[in-house]
Amino acid sequence: MIHESRLPFSIFLTGCPYGTAGCGHHAGLRSSPRPPPRPPAVAMAPPPPPPPPPMCFPFSSNRARFKEASPLVRRDSEKSDVNSYGQDNTSFYSQHSGDRSPARSRQSGNLVRSGSVSTTRTLASDRDQEKLQCDSDSESYDVPPLPNNRSQSKISHLSRDASKRSLVRADSKRSAKWGYGWGIGKAKERELLDRSPSVNSERPPPPQYDSPTRSSSRSSHSKRPPFYSNNSSSTLVGSAYERKINDVESIKERIDTAERLEQIRKLMVKDNLDYYIVPSEDAHQSEYVSAGDKRREWISGFSGSAGQAIVSKTAAYLVTDSRYWLQARAELDSNWLLITAGAVEAPKDWIDWLVDRAKDAKVGIDARMISHEKATRLNTQLNAKGSKLIFPPQNFIDLCWKDKPTRSKEPWIRSQRPAVIPYSKSPPTRAQAHVGTLITSLSNIAYLLNLRGSDIPFNPLFYAYLFISIDRAILFLDAAKLTDDTEDCLRAHKIERRDYNDIWPFLRRREWGEGRLLINAETSYAISLMLTHFRYTVVPSLIDNMKAVKNDVELEGLRRAYLRDGAAYVKWLAWLEHKIRQGYDITEYEAAWRLTEYRRQNKHYWGLAYENISASGPNAALPHYSPSKSTARTIDREAPYLNDSGAQYRDGTCDTTRTVHFGRPTQDQSEAYTRVLQGHIAVDSVIFPEGTTGAQLDVLARRALWKDGLNYLHGTGHGFGSFLNVHEGPHGFSSNVPLVPGHVITNEPGFYLEGKWGMRIESALCVRPVRTKGEFNGDIWLGFERLTCVPIQTRMVKENMLTKEEKQWLKDHNKKCLERLEPLLKEDKRALKWLKREAERGIGIAGAGPGGFTIDWD
């Protein structure tokens, strides 16, 4: 993604004696049936047709199910514990698994402390109540072997607590009762069958559909059973079916913000303000915020993840970067003016724009929503213009937003020198000594305490503050989120707990006594004001650097997570291509939804890492476009299709982007894609000495594009967490922080032709030491290890533009994906066949023959 508890899977497809690969009923998408073939010109008695194969209706037979398992069936080779969702699940990121132990009764919604790949333990969350809970430290972390260990684990039979609806695993030997996977019982099946539109007996007979794909010799003498278009829900049962039908989307309309702006301006008049700023961030400077903290979206209607709203007495402005210009134009109403930050002859950011305009002005902002660093810089520049920052005691948006959603419920200090005035010759006093630190970053608190929550969409975080002194630690957290077990755990580590809002009286009373606190530059300015200048020192965050350098256990967890995620991605790509070649019309939303369902099968799945970016045609030219159910485009066979998505697993955070084409790409598309691929390869294969920063390597990703006068305006890559945020610093390809072994970073060059199409290739990398031939200056050389294990489609690549080394890199990458993923795809023959084809196929596609005649042999 551009710089940015396992959830069980209970889904299976209805049985078909011919498997899913040859049956149209399992597609669940609109088909485009062709007319029946014409009769032969020569009049002769045709041989009698073979009997048609039986129709494939859900639960229509008690016979044993097909031998080839559906690709949407959960595999138990990883011994994963499985829970099912309730009917009220409407979002992916808020659905989390509960206790690891099936024998223990589950408390829905608790934050659960359980074994992990880490040497310490990790908390994962359930979905209804947000509570913290501890499990036994003796739990084993059951991780599947890597592909070089091909041992298969036996299928386990698990059942849920008796107080909940019973789910029974159907063994392959006992599948005569009702299909594969996890289900919900015969009575519920009949109810779902009655509601399914695909088995309506009153429908007229559908026309027969002849697949445009080449049939194999095995099936060349039999006809495909007739089928007709239906909704994909008809092939789903259990929790997956209910997730599908309950995913009711309200139609997003462009809101009229005139009344809201008028309310804000009335409050501005009371405080005599010329401007009022509404940032995107919350009080913890989080990139992603909860529904109740989306103040900028409420006032402007713009839903992008980055941008600032600035309201003046007579106008309203939205300042955002190039990733969101097109989205902002579509979502803002006529009351707003878009400021394209970073454009030619445009301001760099909202601070530059505001300082350029504000003269003898009073600028209001909630001091909690701006970091100490930005507030200090802005104040300095405004003072030079005769202007100043004003901090109203209450947030104007909170006063006007009547239906605002409610909120869901280290001893390094000693190494800091006392804050002595530089010219002072006196020894430091007790008041100048650093006695504690206040941590406000939610990801840093989660990392340091090894806890996880669900207060922030797509991020396993919880709202809290953490105070640490030399002999004391206090966690400011809502009491409703704690269970007795977790409180016992906190007490065992000598961590006091207070209510979340008690942070303000704690700071006001200076309960730590004499001395100064260490704070980070990203701490909210409200805390700086509360402490006053003589009570704090701003220092770089040590926790950010600790968190960014992954240890061996975290790296091993990421390798396993990316391996499982890659298997899900390949299954989905094989499914998507299969359905499109059959003639189905698949929307961007449906494609993204299916990929999420494949990921949901994986062990340790917690939720999505960010909102799916699934884009075709002109939508792919929007780097952060996310489809909605009601407005999604059908995937265009003549334009690139881009999917940028990821998942949170208990052993790692995944972020992957691939661009594919389902037809014959144009010359412009192929040339641009090849340049993007060359940049991707250049970064992946670079060797560099210690001390090299990401910003120094950024040009490698753009060099090939620059040759043709092409470019992209977003960053080349960012750090990411270990079951934490998908965007993590301080390193990145736009950063001047040197890369060191243990850093993980994404590599995602792209190109976007506005209004036409877009493309991007993203893989996750890990910095590691490498051995070189010369070893100049000793063992100081570094390179990248590729974590992502998803093939790169060669259809759009122009072979004559690649060097010999680039061709070999592409072939080796796809073959390595086959070697590593093959053990995980043995049960999905369609995905395995697709993967083998991608690993063995050549680069590019054959050109047109005489008369423009083309043949595709796929």
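**A walk through the model**

Helix α9 is largely enclosed by the rest of the structure, because six of its eight residues are buried. Here buried means a relative accessible area under 20%, while exposed means over 50% and partly exposed lies in between, all computed with a 1.4 Å probe on protein chains only. Helices (H or I, at least four residues) and strands (E, at least two) are DSSP runs that are numbered from the N terminus. This is a predicted model, in which local features need pLDDT of at least 70 and side-chain atom pairs count only at pLDDT 80 or more, whereas totals for chains, interfaces and linings use all residues. Residues are numbered from 1 along each chain as its sequence is written, and side-chain values use heavy atoms, with hydrogens and water left out.

The buried residues of α9 are L442, S443, N444, I445, A446 and L449. They pack against the strands β10, β11, β12 and β13 and against helix α13 (542-548). Just after α9 comes N450, which takes a positive phi of about 60 degrees. In the loop between α9 (442-449) and β11 (465-469) lies F458, a residue other than glycine whose phi is also positive, near 70 degrees. With a relative accessible area of 12%, F458 is buried.

Strand β12 (residues 473-476) runs parallel to strand β13 (residues 495-498), and four bridges join them; two strands are said to pair if DSSP finds at least two bridges between them. Within this pair, A473 stands opposite I495 in β13. To get from β12 to β13, the chain passes through helix α10 (residues 484-492), and this β-α-β crossover is right-handed. The term right-handed applies if, with the strands pointing away from the viewer, the path from the first strand over the helix to the second runs clockwise.

Which residues have the most contacts inside the largest nonpolar core? They are W350, L354, L378, L475 and L507, in a core of 83 residues. A nonpolar core is a set of buried Ala, Val, Leu, Ile, Met, Phe, Trp, Tyr and Cys residues joined through side-chain atoms within 4.5 Å. Helix α6 (residues 350-357) gives the largest share of this core, five residues. Leaving aside neighbours within four places in sequence, W350 is in contact (heavy atoms within 4.5 Å) with I277, Q308, I310, V319, I370 and L378. A second, separate core holds 33 residues, including F688, F733, L765 and V767.

The aromatic rings come next. Rings of Phe, Tyr and Trp (its six-membered ring) pair if their centres lie within 6.5 Å, and planes under 30 degrees apart count as stacked, over 60 as edge-to-face and the rest as tilted. By this rule there are 20 aromatic pairs. One of them is stacked, because the rings of W298 and W401 have their centres 5.7 Å apart and their planes at 25 degrees. This pair links distant parts of the chain, since W298 is in helix α4 (residues 295-300) and W401 is in the loop between α8 (396-400) and β10 (434-439), 103 residues apart. Both W298 and W401 are buried. The rings of Y569 and W572 form an edge-to-face pair, with 5.3 Å from centre to centre and 80 degrees between the planes. Both residues lie in helix α14 (residues 552-581), three residues apart, which is about one turn of the helix. Y569 is buried at a relative accessible area of 0%, and W572 is buried at 1%.

Rings can also meet charges. A charge sits over a ring if NZ of Lys or CZ of Arg is within 6 Å of the ring centre and within 35 degrees of the ring normal. In this way the charged end of R702 sits over the ring of Y712, 4.0 Å from its centre, and the charged end of R564 sits over the ring of Y649, 5.4 Å from its centre.

Some backbone details remain. The peptide bond from G729 to P730 is cis, with omega near 5 degrees, and P730 is found in strand β24 (residues 728-732). In the loop between β23 (718-719) and β24 lies F723, which has a positive phi near 55 degrees and counts as buried at 1% relative accessibility.
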